[in-house]
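Colleague: Hey, I'm new to this one. Can you put it up and walk me through it?

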Amino acid sequence: MIKPDLTMTLPEELGALHFVGIGGSGMSGIARLFLEAGYTVTGSDVRESANVLALRELGATIAVGHAAENVGDADTLVVTGALWQDNPEYQLALAKGLPVLHRSQALAWLISRKRLVSVAGAHGKTTSTGMVVTGLLGIGEDPSFVNGGVIESLGKSSQTGTGELFVVEADESDGSFLLYDTAVALITNVDPDHLDHYGSLEAFEDAFVTFAREASEFVVVSSDDAGAVHVTGKLRAEAPDKRIVTFGEAEDAQVRVHSIVTDGPVAFTLSYDGAEYSAQLRVPGRHNAINAAGAFAVLTGLGFDPAASLAAIAEFGGTERRFELHGTVGGVSVYDDYAHHPTEVAAALSAARTVVGNGRIIAVHQPHLYSRTRLFAKEFAETLETYADETVVLDVYGAREDPEPGVTGALVADRFAHPEHVAFIADWQAAADHTAEIARDGDFVITLGCGDVYRIVPQLLDSLRRARG
């Protein structure tokens with residue numbers, strides 16, 4: 001993978017931009033913003049996708065497949081950390097001396113004159129960003145934004161608005177969230193992750209302390225997550241005058257969530273500033289009540305009316321790849337979710353449990369990254385066994401990492417206490433057929449992972465059709 005130089009001085013002008021891997025959720029959103037700002041944008045990706053088609057309609061020239069000639073007359077190359085060193089477009093840019101920017105650097109350059117709300121956390125940030133954006137739009141604001149997933153009600157992951165606010169999902173995985181000139185920082189949690197980059201839990205937490213300390217206006221941070229509480233303690237010691245707003249179920253949270261009802265779309269009450277505010281969301285799951293509390297803390301911290309803010313946030317309808325229904329065959333519903341960390345998997349499956357009724361949950365889990373699979377195999381197994389009735393484990397999606405000897409999906413499956421409820425099946429068609437064979441009326445099949453596991457969904461639906469006549 002490419003290690004971006006996050007210390008480099010950004011060019012005064014970027015000229016024509018070429019995005020390598022333009023179809024990804026983050027890259028496509030940033031490319032859209034540059035197109036809306038009037039820049040010439042070209043790009044490449046390994047396959048056609050809805051994001052690629054949408055960008056072409058906006059004027060981007062996009063090639064399928066990576067080749068040096070795709071760079072054309074571009075002045076600046078924009079890349080993701082998942083790109084490999086031998087990529088021909090990257091190599092040509094180096095040979096020509098073109099500026100090579102990590103996607104976060106390109107975004108930082110574009111939004112440098114905006115009042116920035118940055119949403120960070122090991123998980124929950126895509127949904128929380130979507131809730132903040134939905135809330136702002138619902139109370140009449142017109143923010144710019146770029147999210148890591150498509151906001152369902154808007155059909156896009158980014159937009160250029162006319163207002164002063166810019167809301168961004170800030171990626172902590174490689175430290176790039178520290179690039180932004182943040183006014184308001186929202187920290188959903190500091191659950192241990194990305195230790196392959198940071199090297200230690202202490203370094204991971206210290207990055208969040210820096211992120212929060214540098215926010216010029218205020219910080220919104222979870223009162224429930226142990227890592228976030230630890231970061232808050234460090235922040236108060238280093239910056240005692242920093243304005244901090246806490247949210248969650250903890251008794252001392254400034255925005256406290258209580259009376260949570262998870263029977264279907266989640267309902268709850270928020271205690272804030274001596275008053276009570278109740279809402280029912282359009283999405284299920286206890287974790288979404290807590291995400292909504294964080295978004296509420298951002299909006300009220302910015303000075304917006306509490307009741308109006310919560311009512312607007314409640315209209316959030318979800319984002320793509322977050323408990324997204326793709327079809328129902330013979331009474332079996334097939335969902336897809338981006339969850340790729342044990343805590344995220346627990347949240348996704350817990351939300352599913354609230355709406356599956358008498359049906360069972362069949363998880364189709366694709367481990368993401370060899371390092372994460374090695375470090376968290378036991379935790380994944382325990383989580384899947386606790387929250388799913390049956391589990392199919394696929395092989396590891398390596399993304400930016402080289403394979404590690406002995407690290408496969410079997411590492412997770414072999415740690416189940418009850419092996420009769422799990423199957424490690426590397427072949428996708430065999431996995432789809434097995435899932436269809438064990439599924440019963442009323443069951444939910446849920447694919448889990450941030451790699452390309454969503455691509456198995458058509459196979460699952462087809463296998464169900466054949467199995468159920």
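This is a predicted model: local features need pLDDT of at least 70, side-chain atom pairs count only at pLDDT 80 or more; totals for chains, interfaces and linings use all residues.

Colleague: Is Glu390 buried or exposed?

Modeller: Glu390 has a relative accessible area of 15%, so it counts as buried.

Colleague: And what does the side chain of Glu390 make a polar contact with?

Modeller: With the side chain of His421, at 3.1 Å. Leaving aside neighbours within four places in sequence, Glu390 is in contact with Arg360, Ile361, Ile362, Ala363, Glu420, His421 and Ile438.

Colleague: OK, new topic. How many strands form the open sheet, and in what order?

Modeller: There are 10 strands in the open sheet, and the order is β8-β7-β9-β6-β10-β11-β12-β13-β14-β15, with mixed pairing. The edge strands are β8 (156-159) and β15 (275-284), each of which pairs on one side only. On average, neighbouring strands of this sheet are turned by 20° against each other, direction ignored.

Colleague: In which sense do β7 and β9 pair?

Modeller: Strand β7 (residues 144-151) and strand β9 (residues 165-169) pair in the parallel sense, over 3 bridges. For a spot to look at, Ser144 stands opposite Phe166 in β9.

Colleague: Which helices pack on the sheet?

Modeller: α5 packs on the sheet and touches β6 (115-120), β7, β9, β10 (182-187) and β15. The direction of α5 makes about 130° with that of β7. Helix α10 (residues 306-313) packs on the sheet too, touching β14 (265-272) and β15. The direction of α10 makes about 10° with that of β15.

Colleague: Back to α5, then. How many residues does it have, and what does it reach from first C-alpha to last?

Modeller: Helix α5 covers residues 125-138, which is 14 residues, and reaches 19 Å from its first C-alpha to its last. That is close to the 20 Å expected at 1.5 Å a residue.

Colleague: How many of the α5 residues are buried?

Modeller: 12 of the 14, so α5 is mostly covered. Among the buried ones are Lys125, Thr126, Ser128, Met131, Val132 and Leu136.

Colleague: What about the bit just after α5?

Modeller: There you find Gly140, which takes a positive phi of about 100°.

Colleague: Where else is there a positive phi, in a residue other than glycine?

Modeller: Ser259 has one, near 55°, and Asp273 has one of about 50°. For background, most residues other than glycine have a negative phi.

Colleague: Where do Ser259 and Asp273 sit?

Modeller: Ser259 is in strand β13 (residues 255-261), while Asp273 is in the loop between β14 and β15. Ser259 counts as partly exposed because its relative accessibility is 49%. Asp273 is at 68% relative accessibility, so it counts as exposed.

Colleague: Let's go to β11. Why is it largely enclosed by the rest of the structure?

Modeller: Because 5 of the 5 residues of strand β11 (residues 218-222) are buried. Both faces are covered: Phe218, Val220 and Ser222 are buried on one side, and Val219 and Val221 on the other.

Colleague: What about the pairing of β11?

Modeller: β10 and β11 run parallel and are joined by 4 bridges, and Ile187 has Val221 in β11 as its bridge partner. β11 also pairs in the parallel sense with strand β12 (residues 244-248), over 4 bridges. There, the bridge partner of Val219 is Ile244 in β12.

Colleague: How does the chain cross from β11 to β12?

Modeller: Through helix α8 (residues 226-238), and this β-α-β crossover is right-handed.

Colleague: Last one, Thr188. Where is it?

Modeller: Thr188 lies in the loop between β10 and α6 (195-198). Its relative accessibility is 8%, so Thr188 counts as buried.

Colleague: What does the side chain of Thr188 make a polar contact with?

Modeller: One is the side chain of Asn189, at 3.2 Å. A polar atom of the Thr188 side chain also lies 2.7 Å from the backbone oxygen of His123.

Colleague: And what does Thr188 touch?

Modeller: Not counting residues up to four places away in sequence, Thr188 touches several residues, including Val119, Gly121, His123, Lys125, Ser128, Ser222 and Phe247. Of those, Lys125 and Ser128 are in α5, and Ser222 belongs to β11.

How values were computed
Residues are numbered from 1 along each chain as its sequence is written. Side-chain values use heavy atoms; hydrogens and water are left out. Helices (H or I, at least four residues) and strands (E, at least two) are DSSP runs, numbered from the N terminus. The expected span of a helix is 1.5 Å times one less than its number of residues. Buried means under 20% relative accessible area, exposed over 50%, partly exposed in between (1.4 Å probe, protein chains only). Two strands pair if DSSP finds at least two bridges between them. Axes are lines fitted to C-alpha atoms, for helices over the stretch in contact, and angles run from 0 to 180 degrees between N-to-C directions. Contact means heavy atoms within 4.5 Å. A crossover is right-handed if, with the strands pointing away from the viewer, the path from the first strand over the helix to the second runs clockwise. A polar contact is a pair of N or O atoms within 3.5 Å; within protein, one must be able to donate a hydrogen and the other to accept it, and residues adjacent in sequence count only if both atoms are side-chain atoms.
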